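Please read the numbered points with the sequence and the model at hand.

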Amino acid sequence: MALSNNDIFKKLRVALKLRDDDIVKICALVDFAVTKSELGAIFRNENHPKYVECGDQFLRNFLNGLVIHMRGPMPEKKPKADKPTLKKDGGKKTPSKKKSNPKKAD
């Protein structure tokens, strides 16, 4: 028997000792609005008339928020500066061959 999204969500809640307030704050980290009543419906027994199935999007947003909650926000990436390119000869300086320019007649 496979675990449903509701089962996974419940197990994470218990394992991490999260309350409804904590889950609301975690979801807010990824701009996903959720209310305590929505959480209550997700955590209900499957036979309850007000039971709501936890969708993939809901669980995905919670997990993304949980990553930010546990690790902190992702650091800003610095723009890459132009790196000097290596020459094909291994970066060795080679004497340049001067081409002779014949003088043009005026």
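Is Asp21 buried, partly exposed or exposed? The model is a predicted one, and in it Asp21 has a relative accessibility of 30%, so the residue counts as partly exposed.

1. Asp21 and its partner. The side chain of Asp21 meets that of Lys36 in a salt bridge, with an N to O distance of 2.6 Å. This pair links distant parts of the chain, since Asp21 lies in helix α2 and Lys36 in helix α3, 15 residues apart. Lys36 is likewise partly exposed, at 47% relative accessibility.

2. The other salt bridges. The count comes to three salt bridges. Arg13 pairs with Asp20, and their closest N and O atoms are 3.0 Å apart. Arg13 is partly exposed at 24% relative accessibility, and Asp20 is partly exposed at 22%. The side chains of Arg19 and Asp22 also form a salt bridge, at 3.9 Å from N to O. Here Arg19 is exposed, with a relative accessible area of 53%, while Asp22 is partly exposed at 24%.

3. The buried side of α2. Ile23, Ile26 and Cys27 are the buried residues in this helix. They cover an arc of only 95 degrees around the axis and therefore lie on the same side of α2. The buried residues of α2 pack against α1 (5–15), α3 and α4.

4. The largest nonpolar core. This core has 15 residues, of which Phe9, Ile23, Leu39, Phe58 and Phe62 touch the most other members. Two or more residues come from each of α2 (20–28), α3 (36–42) and α4 (56–71). The most are given by α4, with four residues. Leaving aside residues up to four places away in sequence, Phe58 touches Phe9, Phe32, Val34, Leu39 and Ile42.

5. The cysteines. How many disulfides does the structure hold? It holds zero disulfides. The sulfur of Cys27 has its closest cysteine sulfur in Cys54, 9.2 Å away, which is too far for a bond because a disulfide requires sulfur atoms within 2.5 Å. Cys54 is accordingly in no disulfide.

How values were computed:
Residues are numbered from 1 along each chain as its sequence is written. This is a predicted model: local features need pLDDT of at least 70, side-chain atom pairs count only at pLDDT 80 or more; totals for chains, interfaces and linings use all residues. Side-chain values use heavy atoms; hydrogens and water are left out. A nonpolar core is a set of buried Ala, Val, Leu, Ile, Met, Phe, Trp, Tyr and Cys residues joined through side-chain atoms within 4.5 Å. Buried means under 20% relative accessible area, exposed over 50%, partly exposed in between (1.4 Å probe, protein chains only). Contact means heavy atoms within 4.5 Å. The arc is that of the directions from the helix axis to the C-beta atoms. A salt bridge is a side-chain nitrogen of Lys or Arg within 4 Å of a carboxyl oxygen of Asp or Glu.
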